[in-house]
Amino acid sequence: VYKRQAQVDARLGAARGMAEFSAARAATSMNAAQIAQPDLSLWADGRIEAYRRSLTDLTVSPAGVLRIPSLGLEVPIFDGTDELVLNRGVGLIEGTSMPGESGNLGIAGHRDGFFRVLKDIRPGDTISVEHLYGQVQYRVTETFIVDPEETWVLKDEGDEMVTLVTCYPFYFVGHAPQRFIVRGLVAGKEGPGV
């Protein structure tokens, strides 16, 4: 019963976040897409409860939406990587590019929540980042594992890229000792000035 109620709450909270993003997109005269409700079937029980609490605690609008069609992932992107943000969606890593800008766009998410599905990502998969003024498509080029202090993965190397970061191993009990990295290079853009 608890898990079923949490899934209902997660659907409602995600829908609210996506509606806020859709309203912001509509204000820019862009068409906003409908966002699927999160699939909580792989999530840890504690993460489901934290997500549920975040629905009332986080009141800011998303900066965008991250989609990985091959994994069935659609998740709101919020500014920052504090616990509240990462319980509600995924977060923009401070010091990296913003959605739609050139450079390295860093996005973090919890391995026992939204980013657990990254365990199944493969080179060639598409990552889409929708932002207020358009959309950017990335093609996954590689995945690898690093230690937490290896922040070079977020360095701007001159290419337009996305770097997804989550803890690793995916099913580790406690604080995971490493980070799983997904790197993708820009494959296409839509929006004003493109």
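Thr56 is exposed, with a relative accessible area of 61%. This residue sits in helix α2, and the model in which we see it is a predicted one. A polar atom of the Thr56 side chain lies 3.3 Å from the backbone oxygen of Arg53. Across the sequence, Thr56 and Arg88 are separated by 32 residues, while their C-alpha atoms are 9.9 Å apart in space.

Is Thr166 buried or exposed? Thr166 counts as buried, because its relative accessibility is 1% and the limit for that class is under 20%. Its place is in strand β7. The Thr166 side chain reaches the backbone nitrogen of Arg111 at a distance of 3.0 Å. If neighbours within four places in sequence are set aside, the contacts of Thr166 are Gly109, His110, Arg111, Phe115, Leu118, Gln178, Arg179 and Phe180.

Phe180, one of those contacts, brings me to the aromatic rings. A pair of aromatic rings is described by the distance of the centres and the angle of the planes. How many aromatic pairs does the structure hold? There are seven aromatic pairs in the structure. One of them, Trp43 with Phe114, is edge-to-face, at 4.6 Å centre to centre and with 75 degrees between the planes. Trp43 belongs to the loop between α1 (2-27) and α2 (45-57), and Phe114 to the loop between β4 (104-108) and β5 (126-131), so this pair ties together parts that are 71 residues apart in sequence.

Tyr168 is partly exposed, at a relative accessible area of 23%, whereas Phe180 is buried, at 8%.

I turn now to the strands. Which order do the strands of the closed barrel follow? Eight strands form the barrel, running β1-β2-β3-β4-β7-β8-β6-β5, and their pairing is mixed. From one strand to the next, the twist averages 30 degrees. As an example of the pairing, strand β1 (residues 64-68) and strand β2 (residues 73-79) are antiparallel over five bridges. Within that pairing, Val65 has Pro76 in β2 as its bridge partner.

Finally, the chain as a whole. Its secondary structure comes to three helices and eight strands, and along the sequence these follow the pattern α-α-β-β-α-β-β-β-β-β-β. The protein chain has 194 residues, of which 46% count as buried. Its accessible surface comes to about 9200 Å², with 52% belonging to carbon and sulfur atoms. Where contacts join residues at least 6 apart in sequence, 65% of them join residues at least 24 apart. The Trp43 and Phe114 pair, which ties together parts 71 residues apart, is the case I have shown of such a link across the sequence.

Note on methods. Residues are numbered from 1 along each chain as its sequence is written. This is a predicted model: local features need pLDDT of at least 70, side-chain atom pairs count only at pLDDT 80 or more; totals for chains, interfaces and linings use all residues. Side-chain values use heavy atoms; hydrogens and water are left out. Rings of Phe, Tyr and Trp (its six-membered ring) pair if their centres lie within 6.5 Å; planes under 30 degrees apart count as stacked, over 60 as edge-to-face and the rest as tilted. Helices (H or I, at least four residues) and strands (E, at least two) are DSSP runs, numbered from the N terminus. Buried means under 20% relative accessible area, exposed over 50%, partly exposed in between (1.4 Å probe, protein chains only). A polar contact is a pair of N or O atoms within 3.5 Å; within protein, one must be able to donate a hydrogen and the other to accept it, and residues adjacent in sequence count only if both atoms are side-chain atoms. Contact means heavy atoms within 4.5 Å. Two strands pair if DSSP finds at least two bridges between them. Axes are lines fitted to C-alpha atoms, for helices over the stretch in contact, and angles run from 0 to 180 degrees between N-to-C directions. Accessible areas come from the Shrake-Rupley method with a 1.4 Å probe; for residues, only the protein chains shown count as cover.
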